[in-house]
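Please open the model in your viewer and follow the stops below in order.

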Amino acid sequence: FCQTAQAQVKRPMTTGELYAFCKGATPEATNFCSGFVLAIVTYVARVPSLGVCLPPSVSTSEYIQLFERWVELRPGAMVDGADLGVTHAIVDLFPCR
């Protein structure tokens, strides 16, 4: 039983894998990316200790483009968890001043 249960445990998606979804050629891939990024942005905006101040006029597609550029400038982040990658991108790009 233990071996079967362990075999079913999946590892978290990496930032690189999410980046690939965001750059994906299928509507399913881009929809997945949009939902994932928007969920993290919404969460990050509600955690005051992260010090994020989001402008009201940024669209989901703009957040995705910003995330993609952030990843491209930090290839080492590709191995991090996807949730951390999006969080770090938003914290870096939208700090409260």
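**From the whole chain to its ring pairs**

Begin with the whole chain of this predicted model: among contacts with a separation of 6 or more, 65% join residues 24 or more positions apart. In cartoon view, the chain shows 5 helices and 0 strands. The C-alpha trace spans about 50 × 35 × 25 Å along its principal axes.

Next, display the surface. Its accessible area is about 6,300 Å², with 60% belonging to carbon and sulfur atoms. Of the 97 residues, 31% count as buried. Colouring by charge brings up 7 positive and 8 negative charges, whose mean positions lie 3 Å apart.

Now turn to the aromatic rings, where the whole structure holds 3 aromatic pairs. Select Phe-21 and Phe-32: the ring centres are 4.8 Å apart and the planes stand at 45 degrees, so this pair is tilted. Phe-21 belongs to helix H2 (residues 15–22) and Phe-32 to helix H3 (residues 27–45), 11 residues apart. Phe-21 is partly exposed, at 33% relative accessible area, and Phe-32 is also partly exposed, at 37%.

Finally, select Tyr-63 and Phe-94. Their ring centres are 5.8 Å apart with planes at 70 degrees, so the pair is edge-to-face. Tyr-63 sits in helix H4 (residues 60–73), whereas Phe-94 lies in the segment after helix H5 (82–93), 31 residues apart. Are these two residues buried or exposed? Tyr-63 is buried, with a relative accessible area of 6%, and Phe-94 is buried at 10%.

How values were computed:
Residues numbered from 1 in each chain as written. Predicted model: local features only at pLDDT ≥ 70, side-chain atom pairs only at ≥ 80, totals over all residues. Heavy atoms only, no water. Helix = DSSP H or I, 4+ residues; strand = E, 2+ residues; numbered from the N terminus. Buried < 20%, exposed > 50% of the residue type's maximum accessible area, 1.4 Å probe, protein only. Contact = heavy atoms within 4.5 Å. Areas by Shrake-Rupley, 256 points an atom, 1.4 Å probe, with all protein chains shown as cover. Lys, Arg positive; Asp, Glu negative; His and termini not counted. Charge placed at Lys NZ, Arg CZ, Asp CG, Glu CD. Phe/Tyr/Trp six-rings, centres within 6.5 Å; stacked < 30°, edge-to-face > 60°.
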